[in-house]
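Trainee: I have a new model open on my screen. Could you show me how to read it?

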Amino acid sequence: ENIPLEMHKVRIVQKLNLPTVEERLEAMKGAGFNTFLLQNKDVFMDMLTDSGVNAMSDRQQAAMMQADDSYAGSETFTRLQQALENIFGTKYFLPTHQGRACENVISQTYVTAGSVVPMNYHFTTSKAHIVLNGGRVEEVYKDEALNITSNNPFKGDMDIAKLRAVIEEAGAENVPFVRMEAGTNLIGGQPHSLANMKEVRKVCDEYGVMLVLDASLLADNLHFIKTREEAYQNKSIREITREIADLADIIYFSARKLGNARGGGICTNNEEAYMKMREYITLYEGFLTYGGMSVREMEAIAVGLEETMDEEMINQGPQFIQFMTEELQKRGVPVITPAGGLGCHIDARSFLPHVAQQDYPAGALASAIYIASGARGMERGTMSEQRNEDGTEPLANMELVRMALPRRVFTMSQVKYAADRIAWLYDNRDLIGGLEFVEEPNVLRFFFGRLQAT
Ligand code: F0G
């Protein structure tokens, strides 16, 4: 058996609460069948996301005690900038309060009415900011990216021919940048290969278009390049990181994921891009040496980034995800393969073939999993999409429930418990019906919309 081994020990713990099934049903109803609206005190395993909830190391916590609180010219900023320069080789760093703030700044700087932004796959907030500025997203994933079960190690790769065709059709002057998302979130945390990113870079050079890397989920992607891409098996994580960084004009990240604390930022060697974007930092985020982050978090990010260069740290997420995926597969539960990063992804469409896509099968399954187990995951399907301008609803390519595995947080027995309850639910899937909105926000509705059983 493939048993993941924890390369750390647990020295601080937090008490958990496991409400009864009756209490869970009441809590889920009270939360409008939206797992975002549950109170965490009612949750046994919080598998909603890894965002800002990965376990920090002793060194990160120690670093938080020596932060420099000054508004301007903080030494903490210099340490974080230096850590980023060390791993990415980028001179300029613009701090932000989190990943989507980077997306706001980049989109406001570069996206205008009629802009077309090709990407391997959209992410909810990245797309919303491009659309808000009048642009359009074109996804250029390979056909295989949407296959639930697959042996393709890099389902996050771009289809180079499609990328070329999109740029040709839009006209390179209307393509402000190409966006590559590491660890492609919405298709199951699927990585891209370094070879593919090199191809993408070539196309960008050919057309004179910038390449922007969303490095939020880079840690998992690094692990997958090292373990799945033959040419890189003997390269260190640090070398692989540098090779990736050298291909991008702009790198941005959510430090709620990359760096294992809470914050974000934009890195570049392009002085012109830096000068353009920095005005938005002071407008929306804060002064250039903190950008809306707490200096304590910035210290933790600097250490967390260094720790990300350690394969024995970044393999923890993927190994636990693979373990959970295999446990579910043994019991016949439909899951995304190969196992990716971020979390274990369950295919709601084949789990609930009797629930129409319009009735949000992934949202219904996420609610049912919470009721059956006390573990809360996240809907990643049609609910996470936005309505078209005419009010019609685009159906998502995939209906997934993501059971995130925050790094170094859960034990193997907890993961086995969650898998066991989900397998029980699969055997009793006829109990689950669809959902409809009773309160539907216009923007990013999945965060706080309320639903009821159809
Ligand atoms: N890009 C990717 C690939 C992300 O996964 C996220 C966040 C963001 C950008 C935005 O960063 O949350 O710091 O503003 N993903 C979280 C998740 C929310 O749960 O998947 P943020």
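Mentor: We will go from domains to helices to single residues. Keep in mind that this is a predicted model.

Trainee: Which domains does the chain have?

Mentor: The domain assignment gives two entries. Domain 1 is made of 21-50 + 315-453, and domain 2 covers 59-312. Their centres, taken over C-alpha atoms, are 26 Å apart.

Trainee: How many residues of each domain are in contact with the other?

Mentor: Domain 1 puts 22 residues in contact with 24 residues of domain 2. Next, ask which elements supply them. On the domain 1 side, helix H13 (316-330) and strand E9 (343-347) each give two or more residues. E9 gives the largest share, 3 residues. Then sort that side by class: 9 nonpolar, 10 polar and 3 charged residues.

Trainee: Now helices. What should I look for?

Mentor: Begin with the general idea. An α-helix has 3.6 residues a turn, so residues three or four places apart point the same way. Now take helix H16, residues 412-427. Its 16 residues reach 23 Å from the first C-alpha to the last. That is close to the 22 Å expected at 1.5 Å a residue.

Trainee: Which residues of H16 are buried?

Mentor: They are Val415, Ala418, Ala419, Ile422 and Leu425. Looking down the axis of H16, these buried residues fall within an arc of 120°, so they line one face of the helix.

Trainee: Which exposed residues does the face turned away from that buried side carry?

Mentor: Ser413, Trp424 and Asp427 are exposed there.

Trainee: What do the buried residues of H16 pack against?

Mentor: Several elements, among them H13 and E9.

Trainee: Let me try another helix. Which residues are buried in H1?

Mentor: In H1, residues 21-30, the buried ones are Arg24, Ala27 and Met28. They cover an arc of only 100° around the axis, which puts them on the same side of H1. H15 is included in what covers them. Just after H1, look at the backbone too: Gly32 takes a positive phi of about 60°.

Trainee: How do I use a database record?

Mentor: Read the label, then check the place in the model. An unreviewed UniProt entry puts "modified residue: N6-(pyridoxal phosphate)lysine" at Lys257. In the model, Lys257 lies in the loop between strand E7 (250-254) and strand E8 (264-268).

Trainee: Why does Lys257 count as buried?

Mentor: Count its neighbours. The cut-off for buried is 20 or more other C-beta atoms within 10 Å. Lys257 has 32, so Lys257 is buried. Leaving aside neighbours within four places in sequence, Lys257 is in contact with Asp50, Ser51, Ser216 and Leu217.

Trainee: And Asn270: where does that residue lie?

Mentor: Asn270 lies in the loop between E8 and helix H10 (271-285). Asn270 has 16 C-beta neighbours inside 10 Å, so it counts as partly exposed.

Trainee: Which residues does the UniProt domain annotation cover?

Mentor: The unreviewed entry gives "domain: Aromatic amino acid beta-eliminating lyase/threonine aldolase" for residues 46-419. In the model, the end C-alpha atoms of that span lie 14 Å apart. The span is 43% helix and 13% strand.

Terms used:
Residues numbered from 1 in each chain as written. Predicted model: local features only at pLDDT ≥ 70, side-chain atom pairs only at ≥ 80, totals over all residues. Domains from an automatic or database assignment. Contact = placed C-beta atoms within 7 Å. Helix = DSSP H or I, 4+ residues; strand = E, 2+ residues; numbered from the N terminus. Nonpolar A, V, L, I, M, F, W, Y, C, P; charged D, E, K, R; others polar. UniProt positions renumbered as here; feature names shortened; annotations may be inferred. Buried ≥ 20, exposed ≤ 12 C-beta atoms within 10 Å, placed from the backbone. Expected span 1.5 Å × (residues − 1). Arc of directions from axis to C-beta.
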